[in-house]
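Subject: The structure I mentioned

Hi,

Here's the structure I said I'd pass on.

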Amino acid sequence: MVPAITDTVWYVSARARDAGRDTRRLADSLEYGMVVSRVRSNGDPLTHSVNTIAVDSVRLSARAFTAAIRARVRGSVGDSLAVLMVHGFGTSLHEAWDYATQAHVRSRSQATWVVFCWPSNGSGVVWRRPDQILTRAYREDSAAAFASRASFSSATQELLAAIGGAHLLVVSHSMGAQLVGETIATDRELRAALAADPLRALAFFAPDVNAAHFNDVVLPAVAPFARRVVVYVASDDRMLALSRAINSSERAGLGHGTPRQISGVSCNSMRGQK
């Protein structure tokens, strides 16, 4: 067994708190912080399971947060890069921390990882009728992603101001692509900031977005604001298959919803993850 290591990820949360506990409500202001986790793998983290336990978390002011990210990126011996990860459907605050930590470890990169946490349902959601569990939770999360656009825009603009677009990679997964894609496509302030200072790269992993809308509207709208845009699609992602049934529309992240050829956009295939 590979010895346990300590790993740190940073976060920006749009989730409101109630008596110190995070909720599914959209906060009036963003929360900033860092999380230290104990990480253990049974082998190579690319091919074996990765287990994480958060051992400490610290809340920071916006100024302290951006100063810390700037110092880490400028002082990096390896990748002078920050990765802003946006999670997908059914993810609690602690799950978002965990997923970001696992992704950081699996990437085997020295880049600084930041997770943007929007108020999705998280695990363990129970409704009155079993057949409504997924459908209602999904639609509530989709509405929460839509409502979080201004918060994501603010967080991204703060990171742009702190480290510059050439040092920022934005990665969205599943329903997180709805939030990222629509924000960059429509938010005037963010588009102005990105026009002056484009992202290093923008990546969509298994985007849970209507395929026609993603291909015809989102990708052309976001492509000018990143030096590189990459879309990863899957052929057997079960959550996307369920989303297709709920929405009665093809999803861009499924293999047969492969984006059309657009200048500056590359598409790659991957195995399903859920």
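This is a predicted model: local features need pLDDT of at least 70, side-chain atom pairs count only at pLDDT 80 or more; totals for chains, interfaces and linings use all residues.

**Overall**

The protein has eight helices and nine strands. Of its 274 residues, 51% count as buried. If you take the contacts with a separation of 6 or more, 75% of them are between residues 24 or more positions apart. Ala 147 belongs to helix 3, which covers residues 133-147, and is partly exposed because its relative accessibility is 41%.

Strand 1 and strand 2 are an antiparallel pair with 12 bridges, and Val 12 has Tyr 32 of strand 2 as its bridge partner. The two strands make a hairpin with two residues between them. Take a look at Ala 19 there, in the loop between strand 1 (5-18) and strand 2 (21-41). Its phi is near 55 degrees, a positive value in a residue that is not glycine. For context, most residues other than glycine have a negative phi. Ala 19 counts as exposed, because its relative accessibility is 76%.

Strand 2 also pairs with strand 3 (residues 50-60), again in the antiparallel sense, over 10 bridges. In that pairing, Gly 33 sits opposite Arg 59 of strand 3.

**Strand 4**

What surrounds strand 4? This strand (residues 82-86) is largely enclosed by the rest of the structure, because five of its five residues are buried. Ala 82, Leu 84 and Val 86 point one way, Val 83 and Met 85 point the other way, and all are buried. So what does strand 4 pair with? Its partner is strand 5 (residues 112-117), in the parallel sense, with five bridges. Met 85 is found opposite Val 115 of strand 5.

**Helices**

Helix 5 (residues 176-186) and helix 6 (residues 188-196) have axes that come within 6 Å and cross at roughly 80 degrees. The two helices are therefore roughly perpendicular to each other. On the helix 5 side the contact is made by Thr 183, Ile 184, Ala 185 and Thr 186, and on the helix 6 side by Arg 188, Leu 190, Arg 191 and Leu 194. Sorted by class, that contact has four nonpolar, two polar and two charged residues.

In helix 7 (residues 211-222), the buried residues are Ala 211, Phe 214, Asn 215, Val 218, Leu 219, Ala 221 and Val 222. When you look at that pattern, remember that an α-helix has 3.6 residues a turn, so residues three or four places apart point the same way. At the start of helix 7, a side-chain oxygen of Asn 210 comes to within 3.0 Å of the backbone nitrogen of Ala 212.

In helix 1 (residues 62-74) I'd pick out Thr 66. Thr 66 counts as buried because its relative accessible area is 12%. Leaving out neighbours within four places in sequence, Thr 66 is in contact with Glu 158 and Ala 162.

Ser 243 is part of helix 8. Is Ser 243 buried or exposed? With 1% relative accessibility, Ser 243 counts as buried. Its side chain makes a polar contact with the side chain of Tyr 138, at 2.9 Å. Not counting residues up to four places away in sequence, Ser 243 touches Tyr 138, Asp 208, Ser 248 and Arg 251.

Ser 248, one of those contacts, lies in the loop between helix 8 (238-247) and strand 9 (265-270). Its phi is near 55 degrees, a positive value in a residue other than glycine. Ser 248 counts as exposed because its relative accessibility is 68%.

That's everything on my list.

Cheers

Note on methods. Residues are numbered from 1 along each chain as its sequence is written. Side-chain values use heavy atoms; hydrogens and water are left out. Helices (H or I, at least four residues) and strands (E, at least two) are DSSP runs, numbered from the N terminus. Buried means under 20% relative accessible area, exposed over 50%, partly exposed in between (1.4 Å probe, protein chains only). A polar contact is a pair of N or O atoms within 3.5 Å; within protein, one must be able to donate a hydrogen and the other to accept it, and residues adjacent in sequence count only if both atoms are side-chain atoms. Axes are lines fitted to C-alpha atoms, for helices over the stretch in contact, and angles run from 0 to 180 degrees between N-to-C directions. Angles under 35 degrees count as roughly parallel, over 145 as roughly antiparallel, 65 to 115 as roughly perpendicular and the rest as oblique. Contact means heavy atoms within 4.5 Å. Ala, Val, Leu, Ile, Met, Phe, Trp, Tyr, Cys and Pro count as nonpolar, Asp, Glu, Lys and Arg as charged, and the others, Gly among them, as polar. Two strands pair if DSSP finds at least two bridges between them.
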